[in-house]
Amino acid sequence: MALVRTYRTKVKIGNWNEDLCLQEDAKKEYLEKKERGELAAQRVDFLKENIFRPVKLTVTSDGKLHFGDVVMLLNMGGENRECSAVSIDADISSLMKIPSPGIQAPCGISAGRVIQACTRTAFIITSVDGSPEGSTLHFEQSFALKTTSGFARGLYLTSDLKSFQKCAKKSRLQEVNLDVGSSFLSWWKIAHLDPQERLEYEGQPVPANVKVLIIHCKTNQALAVLGDHVLWTTYGKDCEVTAHTFFDSHKAEQDNNHWILCTSDPAENERLNHPRSAAKNKELTQENPGF
């Protein structure tokens, strides 16, 4: 039989003093955490404040990509998904305060629908073969993609062969995440979108703001976004990102694998420079005033 309280709450019965002490201790602990900024809501606000901090993308005067450029990785969408950008998928469990506030590795990534240049979406094209900063990136040349320094910790986009213990959460395909240090697992290369012209473009400069393939050097799998595998993140509903090449009936890579390394528009430094129609640009600007 359920316990029925026959007295008012002010009546001191049972272990009333112990209950009162526990309530006071809980309130004291809450106030101390609030003062230190350790409440869950405070940590989420701190995370969003830092990870959505604006970042200026590189302005390419010659229309080509270079080592050291700050870019966004955009997928223009497809049949079952919207335009999205490769984004850091950090939650409050990924936060660390020592030696300075930031995210800790390893950290997941996802394809976010919020298209704005910020800490969460900015990546730096980094040399792995000794090419000097500022030199042009070429098709089939190895490079690394690194997050910005500071809060994002300068982590590298990394992948490896899938296994039973290590694979993408939803699709169970090859996992892609962010990790410390540059190694062969963080080497990528750019391939031309058209398979019939791929050999002719090998060694040529990579143009910015055009659709290309981003291939993982070790596994030869292309970076992909999966519209039918949804991740509920701290920032909303995102799509899963993996390393897997999707072919159509003509043995050409599908739009899941089509990426734009997006820079800023030279004419308008604050606006992204990618092949989106004027109507879409206007719509996106209205939805995201800081875009």
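A salt bridge, for today, is a side-chain nitrogen of Lys or Arg within 4 Å of a carboxyl oxygen of Asp or Glu. Hello everyone, and let's start with one of these pairs. Arg 120 forms a salt bridge with Asp 238, with the closest N and O atoms 2.7 Å apart. Arg 120 sits in the loop between β5 and β6 and Asp 238 in strand β13, so the pair ties together parts that are 118 residues apart in sequence. Helices (H or I, at least four residues) and strands (E, at least two) are DSSP runs, numbered from the N terminus.

Before I go on, a word on the model. It is a predicted one, where local features need pLDDT of at least 70 and side-chain atom pairs count only at pLDDT 80 or more, while totals for chains, interfaces and linings use all residues. Residues are numbered from 1 along each chain as its sequence is written, and side-chain values use heavy atoms, leaving out hydrogens and water.

Back to our pair: are its two partners buried or exposed? Buried means under 20% relative accessible area, exposed over 50%, and partly exposed in between, using a 1.4 Å probe and protein chains only. Arg 120 is buried, at 2%, and Asp 238 is buried too, at 3%.

By this rule, the count comes to 6 salt bridges. Another one joins the side chains of Arg 81 and Asp 255, at 3.1 Å from N to O. Arg 81 is in the loop between β1 (70-75) and β2 (84-89), and Asp 255 is in the loop between β13 (236-243) and β14 (259-264), 174 residues apart. Here Arg 81 counts as buried at 9%, whereas Asp 255 is partly exposed at 30%.

Now to the rings. Rings of Phe, Tyr and Trp (its six-membered ring) pair if their centres lie within 6.5 Å; planes under 30 degrees apart count as stacked, over 60 as edge-to-face and the rest as tilted. The structure holds 4 aromatic pairs. One of them is Phe 46 with Phe 151, edge-to-face, 6.2 Å centre to centre and 70° between the planes.

Finally, the core. A nonpolar core is a set of buried Ala, Val, Leu, Ile, Met, Phe, Trp, Tyr and Cys residues joined through side-chain atoms within 4.5 Å. The largest has 40 residues, and those with the most contacts inside it include Leu 73 and Ile 125. Apart from it lies another core, of 12 residues, among them Val 70 and Met 72.
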